[in-house]
Amino acid sequence: MSKWKNTTHEFGLIAKLLHWVMGLTIISMLAFGFIMTSMPPGPVKWNFYYMIHKSVGVTLLVLLFVRLVWRWINPTPMLTVTGFMALIARFSVFVLYGAMFTMTLSGFIMSEAGNYPITFFNLFTIPVIMPLDSDISSMAARVHSYAAFATIGIVCVHILAALFHHFILKDSVLTRMWVRKKRFG
Ligand code: HEM
């Protein structure tokens, strides 16, 4: 069981899987989102590309809750930095979760308040639980669009920070999310 769970020194398999699967999916969703909105209108755009984007987005929203619960019931590996750097590290985790919630919830609210059905991978339709409100829907669409640009910046800073830890500070921040290490350092 121990390899699945986090320790105070490194992330377990579940946290690593959630990190890489969600990270790569979010990067793909950013590109996919911009490509699909610039496509010419038509049934392929709405019934295929939008359907895929919304289905993957809802899956990410569910995984986000799973990830938060898993984080809550597991120890978090110790920070490798102290003082001001530790403050930045904690703040960046908060910003990353904030970006993930903003993107998934704004997308969900845009569809729900606009009463646009979310057909989950064409398997079933997620019931519309919000009353039709085009103001809320278009506000959520604006948030979704601006937050997408902010998320691109946040993801770039996150990747640069990981590389800074690995190549400049030479600590275990990147490797403990990547391969299984025997010693902490
Ligand atoms: C982390 C998750 C998500 C990411 C990274 C993402 C990314 C994007 C991006 C980059 C765009 C293009 C924005 C623009 O052109 O201004 C977009 C559009 C869109 N997204 Fe998402 N999205 C996510 C989740 C969701 C979810 C959960 C839903 C709905 C269930 C959703 C529904 C939509 C819709 C309907 C559009 C088109 C808006 C329009 O036509 O103006 N997205 N998304």
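This is a predicted model: local features need pLDDT of at least 70, side-chain atom pairs count only at pLDDT 80 or more; totals for chains, interfaces and linings use all residues.
Helices H1 (13-37), H2, H3 and H4 each give two or more residues to the shell around the ligand. H1 gives the largest share, seven residues. Helices are DSSP runs (H or I, at least four residues).

The shell holds 23 residues, each with a heavy atom within 4 Å of the ligand. Thr37, Tyr50, His53, His144 and Ser145 come nearest.

## Iron site

His53 (NE2) and His144 (NE2) are the protein donors of the ligand's iron atom, 2.0 Å from it. Donors are N, O and S atoms within 2.8 Å of the metal. His53 sits in helix H2 (residues 43-73) and His144 in helix H4 (residues 134-169), 91 residues apart. Both are buried, that is, under 20% relative accessible area.

The arrangement is octahedral because the six donor atoms subtend angles of 85 to 179°. For six donors, that label needs opposite donors over 155 degrees apart and all others between 65 and 115.

## Polar contacts

Polar contacts pair N or O atoms within 3.5 Å. Polar side-chain atoms of Tyr50 and Ser145 each lie by an oxygen atom of the ligand, at 2.7 Å for Tyr50 and 2.6 Å for Ser145.

## Basis

Residues are numbered from 1 along each chain as its sequence is written. Local features need pLDDT of at least 70 and side-chain atom pairs 80 or more, while totals for chains, interfaces and linings use all residues, and side-chain values use heavy atoms, without hydrogens and water.

How values were computed: Donors are N, O and S atoms within 2.8 Å of the metal (3.2 Å for Na, K and Ca); water is not among the atoms, so sites may look incomplete. Four donors count as tetrahedral if all angles lie between 85 and 135 degrees; four count as square planar and six as octahedral if opposite donors are over 155 degrees apart and all others between 65 and 115; anything else is irregular. Buried means under 20% relative accessible area, exposed over 50%, partly exposed in between (1.4 Å probe, protein chains only). A polar contact is a pair of N or O atoms within 3.5 Å; within protein, one must be able to donate a hydrogen and the other to accept it, and residues adjacent in sequence count only if both atoms are side-chain atoms.
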